[in-house]
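Here are a few notes to read alongside the model. Please take a look at the structure before going through the points.

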Amino acid sequence: MRVLILALLALLPALPAAAQSPAADPRPGFHFAPARNWMNDPNGLVYYDGEYHLFYQYNPHGDRWGHMSWGHAVSRDLVTWQHLPIAIPETEVMAFSGSAVIDWKNTAGFNRDGKPAMVAVYTGFDPKTKNQSQYLAYSNDRGRSFTRFGKVLDIGSTEFRDPKVFWHAGTRRWVMVAVKAAEKKAAIYSSPDLKHWTHESDFGRTPSAQSINWECPDLFELPVQGGKPGETRWVLMVSQGDKGPDGGSGGQYFVGAFDGKTFTLEPGWDDAPHWQDLGADFYAAQSWSEMPDGRRIWIGWATDLRYAHAIPTYPARGLMTVPRTLALRREGSDWRLAQAPVRELEAHRGTPTQLRDVRLSETPTPLKLGDSLDMLVTFDPLKASQVALTLTDAQGYALLIGYTPATREVFIDRTRAGPHFHDAFPDRNIATLPPGDGPITLRLLVDRSIVELYAADGTRVITDRFFRGGGALTWSANAMDGEAVIRTLEAWPIE
Ligand code: FRU
């Protein structure tokens, strides 16, 4: 169904030339985008031999969804990326989303000269039959070229995709989690050799499955912060095509146990959706496998499926978030995923602008800050009903990032933002902070057409894109119904 929708979207007329002006929408400074054309999901995230690989869903032939292939980039620090040629091209099947592993034990027999193969496991989509099956391709040259092995798992379905594979130490088996998309199920398989797969179980959850489908699952173990020594839980991630936190696409997480065969929810799990991100623009996130230092890091495609095809940027349409380190902790009787931009970003910080005790009133106070920066800001709302930073472009389009103390809501408000390119775009995305009062601190990554807002130690994240009618962006801050104060603001340009 999703594929059908995307295929139909690909047929819509392209945007008028005015919206495609590169000057009107400068490239991001530190978020990954392809050099040109359409990009969707991150794929095949794997670390090997000093390099982080980022493969991604890519259309080599245009800036609409189609001809799905795996684009490729590598990085040594998860911040600076080098573009590489297409890794897995479209053939008689399109190369849909999937993952990559390093076959240290040569279980598949693809290793060469005593060096482990990088094995990509992806969905082959046959445009004629609509069949979706899982395929392998492998590389013996650090991901620079791939040899197609072919189909390894076909259940005769048109809705079976997005395999995420990892080595499960306990059972000494490979585990695959994929989606039976339309059934809104995560299907778990195991294999000794990546080639022969056995179905182990399906995970579905009725109250949480109110969406059109599930896509792009992930499954991994995280330490429990503040828990007993060595305490861990497994986290199952799924993206859903609609009915997310802002009504469009989004992602949920589930916390539980995993024995190599079955994912079991934490006893007493609260069925209210646990959103990965409360903004409009976070989808199809995937985590890196084979991390050298035990961190669990993931990256998401920064879009809402409702308007992904219409995003007014040119020549590239598609952007990733900054890679984020994940943690898990308890909050009361519930569980919270916590996210933080990778620490490597801090090495790219330039000389900061530092502000202290800036008193704010209803009249906006201009702030001299750039449009590609990493910011830490502490607001004391005092008695004000709202305090906000505003980013305004030369045409008066305005994006608000703020806090409403009465409801303890941080928000990104796009109701006056960007040229109106889609009805689903003007919205207000909210995260409710845990109980408390007084000053609040936000970490903001602002990068020309994206804001990532991290609050409450990363347990509340809002990711939203914004666009501009034209001209440079300027910053201001103000307070409503009384004075407020910016206690401290530190903004580092990212270099
Ligand atoms: C998610 C998705 C995946 C699929 C891919 C095709 O955005 O629909 O389920 O594998 O994109 O490009």
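1. Start with an open sheet of four strands, ordered β9-β10-β11-β12 with antiparallel pairing. Strands here are DSSP runs (E, at least two residues) numbered from the N terminus, and two of them pair if DSSP finds at least two bridges between them. β9 (160–168) and β12 (198–204) are at the edges with a single partner strand each, so one side of each has no neighbour in the sheet.

2. A word on sources: this is a predicted model, where local features need pLDDT of at least 70, side-chain atom pairs count only at pLDDT 80 or more, and totals for chains, interfaces and linings use all residues. Residues are numbered from 1 along each chain as its sequence is written, and side-chain values use heavy atoms, with hydrogens and water left out.

3. β9 and β10 (residues 173–180) run antiparallel, joined by seven bridges. Trp-167 sits opposite Trp-174 in β10.

4. Trp-167 turns up again at the largest pocket: among its 28 lining residues, those closest to the centre are Trp-167, Ser-289, Glu-290, Met-291 and Arg-296. A pocket is an open set of points on a 1 Å grid over the protein atoms alone, where a 1.4 Å probe fits, with protein on both sides within 12 Å along at least five of seven lines; lining residues have an atom within 4 Å of a point. β13 (214–225) gives the most to this lining, with six residues.

5. The second largest pocket lies between domain 1 (2–343) and domain 2 (349–493), because both give residues to its lining; the bounds come from an automatic or database domain assignment.
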